[in-house]
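Student: I have a model open and want to learn how to read it. Where do we begin?

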Amino acid sequence: MSTPQSSPAKLRRPDALTLEVVELIGDVVARFYADYEEAAGEHALTGAQARLLSLLSLEPLPMRKLAQKLKCEPSNVTGIVDRLEARGLAERRPDPADRRVKLAAATDEGRRVARDLRDGLRFAREPLAGLSDEERLSLRDLLRRMLDV
C-alpha cells in the first residue's frame with residue numbers, strides 16, 4: 001500500500017519537454033512584467049498601480065476583491081488606490097448593493113491611461129503579431145486549459 005509521500009506520480013521527475021515548457025512560461029512572464037513595468041513608468045506609475053488601474057478600467061471592484069486579484073493585503077490596495085486617487089485616475093464610491101462597502105473605480109482619465117498602457121505593451125503586440133489567427137486561437141485555448149486545471 002503506498003502512502004501519499006511514496007506515490008509514484010509524486011516522485012517522478014518532470015520530463016525534459018515539460019521542464020522546457022515551464023522554463024519558457026517563466027521567460028514569457030518575466031518579459032511581460034518587464035514590458036509592463038516599462039509601460040507603467042512612462043505614465044509615472046509603479047507596476048502595481050498600473051495593474052490595479054487596468055483592473056479598475058474593466059469594472060469597479062471592492063478593495064478585498066482587488067487584493068485577491070493582485071495577491072496582496074487589502075491595506076496595500078488602500079495605499080495604491082490612495083495614490084491613484086490623488087492623481088485623478090481612480091475614485092472610491094459606495095457599492096449600490098451594500099453601501100457599507102466601498103468600490104474603487106477608474107475615472108475617465110484612469111480608463112484613458114489604462115488603455116494607453118495596454119496599447120504600449122510591445123511584448124503583448126509584437127510576438128503575437130507573428131502568429132497566425134489559428135496559432136493565436138490555439139495558444140489562447142491551451143492557456144485557458146492550463147488555468148482551468
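Tutor: Begin with the polar contact: a pair of N or O atoms within 3.5 Å, where, within protein, one must be able to donate a hydrogen and the other to accept it, and residues adjacent in sequence count only if both atoms are side-chain atoms. Here is a case: the side chain of Ser 57 reaches the backbone oxygen of Ser 54 at 2.7 Å. This is a predicted model, so local features need pLDDT of at least 70 and side-chain atom pairs count only at pLDDT 80 or more, while totals for chains, interfaces and linings use all residues. Residues are numbered from 1 along each chain as its sequence is written, and side-chain values use heavy atoms, with hydrogens and water left out.

Student: Where does Ser 57 lie? Is Ser 57 buried or exposed?

Tutor: Buried means under 20% relative accessible area, exposed over 50%, and partly exposed in between (1.4 Å probe, protein chains only). Ser 57 has 15%, so it is buried. Ser 57 lies in helix 3. Helices (H or I, at least four residues) and strands (E, at least two) are DSSP runs, numbered from the N terminus.

Student: Which residues does Ser 57 touch beyond its sequence neighbours?

Tutor: Contact means heavy atoms within 4.5 Å. Not counting residues up to four places away in sequence, Ser 57 touches Ala 106, Arg 111, Ala 114 and Arg 118.

Student: How do I check the length of helix 3?

Tutor: The expected span of a helix is 1.5 Å times one less than its number of residues. Helix 3 has 12 residues, for an expected 16 Å. From first C-alpha to last it reaches 17 Å, close to that value. The buried residues in helix 3 include Gly 47, Gln 49, Ala 50 and Ser 54.

Student: And helix 2, how far apart are its end C-alpha atoms?

Tutor: They are 37 Å apart. With 26 residues, helix 2 should span 38 Å, so the two values agree. At its start, a side-chain oxygen of Asp 15 reaches to within 3.0 Å of the backbone nitrogen of Leu 17. The buried residues of helix 2 are Asp 35, Tyr 36, Ala 39 and Ala 40. Their cover includes helix 3, helix 6 and helix 7.

Student: How do I read a nonpolar core?

Tutor: In soluble globular proteins, nonpolar side chains tend to be buried together. A nonpolar core is a set of buried Ala, Val, Leu, Ile, Met, Phe, Trp, Tyr and Cys residues joined through side-chain atoms within 4.5 Å. The largest one here has 24 residues, and Leu 45, Leu 52, Leu 53, Leu 56, Leu 66 and Leu 84 touch the most other members. Elements giving two or more residues to this core are helix 2 (16–41), helix 3 (47–58), helix 4 (63–70), helix 5 (74–86), strand 3 (98–106) and helix 6 (108–119). Take Leu 84: leaving aside neighbours within four places in sequence, its contacts are Leu 45, Gln 49, Leu 52, Leu 53, Leu 89 and Ala 90.

Student: What about the loops? Is Thr 107 buried or exposed?

Tutor: Thr 107 is buried, because its relative accessibility is 15%. Thr 107 sits in the loop between strand 3 and helix 6. Its side chain reaches the backbone nitrogen of Gly 110 at 3.0 Å.

Now try Leu 121, in the loop between helix 6 and helix 7 (122–129). Leu 121 counts as buried because its relative accessibility is 7%. Beyond four places in sequence, Leu 121 is in contact with Phe 32, Asp 35, Tyr 36 and Ala 39.

Student: What should I look for in phi angles?

Tutor: Most residues other than glycine have a negative phi. Ala 44 has a positive phi of about 55° although it is not a glycine. Ala 44 lies in the loop between helix 2 and helix 3, and it is exposed at 60% relative accessible area. Lys 71 also has a positive phi of about 55°. Lys 71 is in the loop between helix 4 and helix 5, and counts as exposed at 75%.

Student: How many helices and strands does the protein have?

Tutor: It has 8 helices and 3 strands. Along the sequence the pattern is α-α-α-β-α-α-β-β-α-α-α. Of the 149 residues, 24% count as buried.
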